[in-house]
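Visitor: I have a structure to read and some time to learn. Where do we begin?

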Amino acid sequence: MDKKNKRIAWAITGSGHFLKESIDIINSLNNIDLFLSRAGEEVLKWYGYKLSDFKKKKIKIFKDVTASSAPVSLFYEDIYKVLIVSPATSNTVAQMAYGFSDNLITNIFAQAGKCKVHSIILACDTEPVVITPAPGKMVTVYPREIDLENYELLKKFKNTDVVRNVDELEKIIKKWH
Ligand SMILES: Cc1cc2nc3c(=O)[nH]c(=O)nc-3n(C[C@H](O)[C@H](O)[C@H](O)COP(=O)(O)O)c2cc1C
């Protein structure tokens, strides 16, 4: 398929950090399919987002409801030009960095890699101190060494850009949109 007709696969995991910024970008783009981790689906609700608002914009939503992550088969059909995982929790970053693929998001990341579809990951835990929105208030968290190590490990993956802020994400997306 011609690159300009291909779609963006966008995965949301269960993070409040960078959630609003990710949704603002999603709403500014066309031809997006949304993939939600189970925690991602819950966290969207915690922060007041409704799935029906995405559906009104004709964004298709794939939830993590099958053990085999059935929607991964879409990656074999050459319909996606890029996979964006934003925001990516420390859990998802750890799983991806170590090659796990036992849920919808880690599976589409693995299948993107195997199908040579480029991935862009906006990781949440990339600095020793992170100020982040909890529902209703701001909190300060201190990512652990293991979280920062997993981020560094994921950066070594081929065909994968791992970014740590929204400016970097927007710059890379421009290359693919
Ligand atoms: C309100 C709320 C906000 C959260 N924000 C974050 C976050 O910013 N970063 C993070 O790594 N985990 C965050 N979590 C925890 C993750 O949702 C949790 O680790 C979950 O198991 C991640 O699953 P997933 O990686 O499959 O989405 C948050 C949880 C809740 C309830």
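Predicted model: local features only at pLDDT ≥ 70, side-chain atom pairs only at ≥ 80, totals over all residues.

Visitor: Which residues come nearest to the ligand?

Guide: G14, S37, T89, S90 and T92 do, out of 14 residues around it. Now look at atom pairs. The backbone of G14 places a polar atom 2.6 Å from a ligand oxygen. S37 uses its side chain: a polar atom there is 2.6 Å from an oxygen atom of the ligand. T89 also has a polar side-chain atom 2.6 Å from a ligand oxygen.

Visitor: How much of the ligand does the protein bury?

Guide: The protein buries 66% of the 640 Å² that the ligand exposes when taken alone.

Visitor: Which elements give two or more residues to that shell?

Guide: Helices α2 (38–46) and α4 (90–97) do. The largest share comes from α4, with 3 residues.

Visitor: Stay with α2. Which of its residues are buried?

Guide: The general idea is a threshold: buried means under 20% relative accessible area. In α2, G40, E41, V43 and L44 are buried. Their cover includes β1, α1 (19–28), β2 (32–36) and α3. After α2 comes G48, with a positive phi near 85°.

Visitor: What should I expect of backbone angles?

Guide: Most residues other than glycine have a negative phi, and most peptide bonds are trans. Look for the departures. K58 is not a glycine, but its phi is positive, about 65°. K58 sits in the loop between α3 (51–56) and β3 (60–62). D78 has a positive phi too, near 60°, and is likewise not a glycine. D78 belongs to the loop between β3 and β4.

Visitor: Is K58 buried or exposed?

Guide: K58 is exposed, because its relative accessible area of 73% is over 50%. D78, at 35%, is partly exposed.

Visitor: Is K6 buried or exposed?

Guide: K6 is buried, because its relative accessibility of 13% is under 20%. Leave aside neighbours within four places in sequence. K6 is then in contact with M1, N31, D78, I79, Y80 and K81.

Visitor: Last topic, cysteines. How many disulfides does a search of the whole structure find?

Guide: The test is distance: a disulfide is a pair of cysteine sulfur atoms within 2.5 Å. Here the search finds 0. Accessibility can still be read for individual cysteines. C124 is buried, at 6% relative accessibility. C115 has a relative accessible area of 27%, so C115 is partly exposed.

Methods:
Residues numbered from 1 in each chain as written. Heavy atoms only, no water. Buried < 20%, exposed > 50% of the residue type's maximum accessible area, 1.4 Å probe, protein only. Contact = heavy atoms within 4.5 Å. Near = heavy atom within 4 Å. Polar contact = N/O pair within 3.5 Å; in protein donor to acceptor, adjacent residues only side chain to side chain. Areas by Shrake-Rupley, 256 points an atom, 1.4 Å probe, with all protein chains shown as cover. Helix = DSSP H or I, 4+ residues; strand = E, 2+ residues; numbered from the N terminus.
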